[in-house]
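The entries follow in the order I looked things up.

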Amino acid sequence: MDNALSRRAVVAAGLASLQAQSPEPVKVGIIGIGLRSRAHLSALKKLAAGSKITALCDLESERMAKVNQELPAKAEMYTDYRELLRDRNVGAVVIVTPGYLHHEMALAALRAGKDVVLEKPLALNYREALDIIRETRRTGRIVCVGMQRRYTRTDMEVQRIVDSGAIGPVRYINYEEYRNDWNPQSWKYTDPATGQKTSWRFLKKTSGSSELEFSIHSLAMACGLVKSPMARLAASGGVVHYTGRDTRDLSSILVDFASGARLNYSFSCFSPRAGGKLLVIGDTGVIRRDGGKLAVSTAGKPLEPVKFSGDASDDGAEVRHYKEFFENVRNRKPSPLSPEAALEPAKIAYGAEISISENRIVTAKDFPAV
Ligand SMILES: NC(=O)c1ccc[n+]([C@@H]2O[C@H](COP(=O)([O-])OP(=O)(O)OC[C@H]3O[C@@H](n4cnc5c(N)ncnc54)[C@H](O)[C@@H]3O)[C@@H](O)[C@H]2O)c1
């Protein structure tokens, strides 16, 4: 073999081994190019080695075209999501549309053989949530619900402290979230009967409720800390400040979990200066989060600021979320944010809606097992 030939052979062997090591990028199609899609696009750009955006879908072509121009390689564009689902160049679908479309789109994606990242909430009601769980099991696809807040440094740290046993078994969580209204520029839903356009976040039929649309991240955190199903709950709330919406701007939920732990959750979205607070009380200690500050007290000692463990180079919650999803897709391993996992906090939001609208206590019997 002459020198040139042997060099080519070495290079070819090197390339072949590199290809064998680096797996095929996951080909991603995104449905819904609104506000939230920016976080998905940004995380996917950072993970360009392991994924490729091959298709986009939105009702608004101009918005979609603008996003497409910024992609390293042009994606196919669709205004009908069913066409995107027929695209063989799409392996995983990211659904970032208003909540009322999640059920229909997730079922269709699963039936088209795609893996799915489904933005929260899982579905608008318990029946629809169960449909998605059953279809996920039937098809064996990987589904990850976009409750990525669990990958923020603060939430991970609170979970780590509780899991370490430092505060003992969790007995009580007090969670207050008082803030401004969110995403005023949301897409407008057109009522087919009247032609009236309203932000989809203001209507129960398009978003479920404020608790399902907003509070769900904090409810998920509480569920992750107590690791026990909801046993009973009572809620109170209404629209006391804004006009032109039927989703609550104020509410409180009291939850008893099967373990005996309790959650007292309150929120409002017309009080930007009021701030928020989290208290996690265990048998032997307390975790307190005030705004961005996290502190812990163990064994009766004074509260000490928490030094964050782990790597200081922070990828951000969305990147962590996608890294895990792609790994799960490659290894065909169920996501920790599977529809089953997303159901428990959703049950609290569904329960709050039932409790307030039917003026009664809701129990686990309102949610018969899957
Ligand atoms: N995980 C989080 O922290 C987080 C944060 C914000 C929003 N979200 C979730 O993301 C989802 C979208 O929220 P958003 O803030 O982007 O809303 P948005 O109103 O900004 O965008 C919704 C987009 O969906 C498009 N759309 C509507 N109907 C469609 C259809 N039939 N086919 C294709 N596209 C359609 C609209 O044109 C719009 O571009 C919701 O489920 C919301 O709960 C999650």
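**Entry 1: a loop residue.** I started at alanine 299, which sits in the loop between β15 (293-298) and β16 (304-305). Helices here are DSSP runs of H or I with at least four residues, strands are runs of E with at least two, and both are numbered from the N terminus. Alanine 299 has a positive phi of about 50 degrees although it is not a glycine. It counts as exposed, with 9 C-beta neighbours inside 10 Å. The cut-offs: a residue is buried if 20 or more other C-beta atoms lie within 10 Å of its own, exposed if 12 or fewer, and partly exposed in between, with C-beta atoms placed from the backbone.

**Entry 2: ground rules.** I noted that this is a predicted model, in which local features need pLDDT of at least 70, side-chain atom pairs count only at pLDDT 80 or more, and totals for chains, interfaces and linings use all residues. Residues are numbered from 1 along each chain as its sequence is written.

**Entry 3: another positive phi.** Asparagine 359 is a residue other than glycine with a positive phi, near 55 degrees. I found asparagine 359 in the loop between α11 (339-358) and β17 (362-363). Asparagine 359 counts as exposed, having 9 C-beta neighbours inside 10 Å.

**Entry 4: a cis bond.** I looked up the peptide bond between lysine 120 and proline 121, and it is cis, with omega about -5 degrees. Proline 121 lies in the loop between β5 (115-119) and α6.

**Entry 5: the whole protein.** I counted 11 helices and 17 strands. The C-alpha trace spans about 80 × 60 × 40 Å along its principal axes. Of the 370 residues, 39% count as buried. Among contacts between residues at least 6 apart in sequence, 68% join residues at least 24 apart. A contact means that two C-beta atoms, placed from the backbone, lie within 7 Å.

**Entry 6: two domains.** The protein is divided into domain 1 (23-149) and domain 2 (152-312 + 338-366). These bounds come from an automatic or database domain assignment. The C-alpha centres of the two domains lie 25 Å apart. I then listed the contact, which takes 19 residues from domain 1 and 25 residues from domain 2. On the domain 1 side, α6 and β6 (143-146) each supply at least two residues. The largest share of that side, 5 residues, comes from α6. By class, the domain 1 side divides into 13 nonpolar, 4 polar and 2 charged residues. In this scheme Ala, Val, Leu, Ile, Met, Phe, Trp, Tyr, Cys and Pro are nonpolar, Asp, Glu, Lys and Arg are charged, and the others, Gly among them, are polar.

**Entry 7: α6 and its partners.** Which way does α6 run relative to α11? The axes of α6 and α11 come within 10 Å and cross at roughly 175 degrees, and the two are therefore roughly antiparallel. Axes are lines fitted to C-alpha atoms, for helices over the stretch in contact, and angles run from 0 to 180 degrees between N-to-C directions. Angles under 35 degrees count as roughly parallel, over 145 as roughly antiparallel, 65 to 115 as roughly perpendicular and the rest as oblique. From α6, Tyr126, Ala129, Ile132, Ile133 and Thr136 meet Pro339, Glu340, Leu343, Ala346, Lys347 and Tyr350 of α11. That contact has 8 nonpolar, 1 polar and 2 charged residues.

Next I took α5 (residues 102-111) against α6 (residues 126-139): their axes come within 10 Å and cross at roughly 10 degrees. That makes α5 roughly parallel to α6. His103, Ala106, Leu107 and Leu110 of α5 make the contact with Glu128, Asp131, Ile132, Glu135, Thr136 and Thr139 of α6. Here the classes are 4 nonpolar, 3 polar and 3 charged residues.

**Entry 8: two arginines.** Arginine 153 is in helix α7 (residues 153-164) and is partly exposed, with 17 other C-beta atoms within 10 Å. Its C-alpha atom is separated by 12 Å from that of glutamate 318, 165 residues apart along the chain. Arginine 262 is in strand β12 (residues 262-268) and counts as partly exposed, with 18 C-beta neighbours inside 10 Å. Leaving out residues up to four places away in sequence, arginine 262 touches Tyr172, Val255 and Asp256.
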